[in-house]
Amino acid sequence: MDLSRFPRRRYSLGPTPLEALPRFSQALAALAPQGRGPEIWIKRDDMLGLFPGGNKTRKLEFLVADALAQGADTLVTCGAPQSNHCRITLAAAVKEGLKCRFVIEERVPGSFREDASGNHFMFRLMGVEALTVVPAGSNMGAAMQQVADELAAQGRKGYIIPGGGSNALGGLGYVACAQELQQQFFEQGVRIDQVVVGSGSSGTHGGLLAGFLGNRIHIPITGIGVSRDPADQEPLVHREAQAVADLLGLNLTIPREAVVSVGGYWQPKYSIPNARMVEAVQLLARTEGILLDPVYTGKIMAGLIGLVRQGRFPPGERELFIHTGGLPSLHAYEREVLGQADLPA
Ligand SMILES: *Cc1c(COP(=O)(O)O)cnc(C)c1O
C-alpha cells in the first residue's frame, strides 16, 4: 500500500525493535495450563520518537503534517489528566514551533491536580499554552471547538486533533506500523501467530487491522480494552478500521468478525490501578527490564497474561505484544506499582 501520497513528518529514527522475551515467556509458562505456554515477542513502540514516545507518535506524524499543510499555528487536543497523547502532541508542537492547548477531561472526579507528577508535570515543563479542565462526560469536540473559536477571534488558527489522535488520518500511523512489521517479520524470519494490542480511542487497533487486511497479513489481532468491554469497544474499532481503509481507497469492507477485543482487565475504571496490572508491570520489569505503565500497557499485558492462564494461546505459538508507551505516568503511581497500596483484583 502506498502511504507516500499522504504528507508526513518524521519523529522517529527508524523501525522500533521487534524482540523475543525469553525470560518473560518462561515465567508465564509456569502460570499456563500444564506449565507450557506461548513464546511472547514485543514490538517496542515505547521507543518511538518525541521521547518518551508511544503510539501517539506514529499518529501525529500524519496529523501534524496536515496541521502544517493547513497553516495552523496551534494544536488543540484533549485527554485525561495523565494523558500520554496530550504530552506527545505538545512535544510535537514544540518541535514544529507551534503552540498547543488542551481540554482535560476529569474522567475520575477529583483526579486533576495542578501539582501532579508524570505527564502533567511534563505539560508544564514543555509549556502548554492553556489547559481547560472539564467534568467527565463533557462534549470534548465542542469544548475543543470553543478553544479553536477563541483562537480564531484573535486572528490565530487552531488545528483540532481528536482524543488519542484517532481519526482516519491518525490511523495511518498504524498502517505504517503494519508495513514496518511485515518487513521485520520477513527480515528477521519470524512467524507470528497472533498480535495483542491495546484498544482505547481505537486508532491503534483499528489502524493496525486496516493495515494488516490491506497488506494481506493474515495474523489475527486481539485488542485488550483499556476503558470499554467488547460490546462498546468493537463497534468503535470497526468504524475506525473502515474509515482508515476508505481514506486509503482500498475498496475493502472490514469484516466485523475481524474485530476482536477482550474486556474486564481495565476494571474497576479507566486509569484506576488494579492488582492484575501490578502483577504484569512487576513481572515484565523483573524478567526483562522493560517498563510498562499503570493506565494502559500494564492492563493490556495483564490481559495477555490472563489469556495465557486460560490456555487461550497454544504452547509454542508466538504472540506479539505491542508496547504502546506511557512511561511517564508510571511516576504518578509509584506506590501502587510497588505493591504498597490495597487494590481491587
Ligand atoms: C493512547 C494509548 C493507548 C490506546 O491507544 P488508542 O489508539 O487510543 O486505542 C495504549 N497505550 C498507551 C500507552 C496510550 O497512551
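Which backbone atom lies 2.7 Å from an oxygen atom of the ligand? A backbone N or O atom of Gly200 does, in a polar contact (a pair of N or O atoms within 3.5 Å). Taken alone, the ligand exposes 380 Å², of which the protein buries 98% (Shrake-Rupley areas with a 1.4 Å probe).

The model is predicted, with local features needing pLDDT of at least 70 and side-chain atom pairs pLDDT 80 or more, while totals for chains, interfaces and linings use all residues. Residues are numbered from 1 along each chain as its sequence is written, and side-chain values use heavy atoms, without hydrogens and water.

Around the ligand stand 15 residues, each with a heavy atom within 4 Å of it. Lys56, Lys59, Ser201, Thr204 and Thr324 come nearest. By class, the shell holds 1 nonpolar, 12 polar and 2 charged residues, where Asp, Glu, Lys and Arg count as charged, Ala, Val, Leu, Ile, Met, Phe, Trp, Tyr, Cys and Pro as nonpolar, and the others, including Gly, as polar.

Turning to the fold, helices H2 (55-69) and H7 (203-214) each supply at least two shell residues, helices being DSSP runs (H or I) of at least four residues, numbered from the N terminus. The largest share, 3 residues, comes from H2. Domain 1 (18-54 + 167-337) and domain 2 (56-164) each contribute at least three residues to the shell, with bounds from an automatic or database domain assignment.

Technical notes
Polar contact = N/O pair within 3.5 Å; in protein donor to acceptor, adjacent residues only side chain to side chain.
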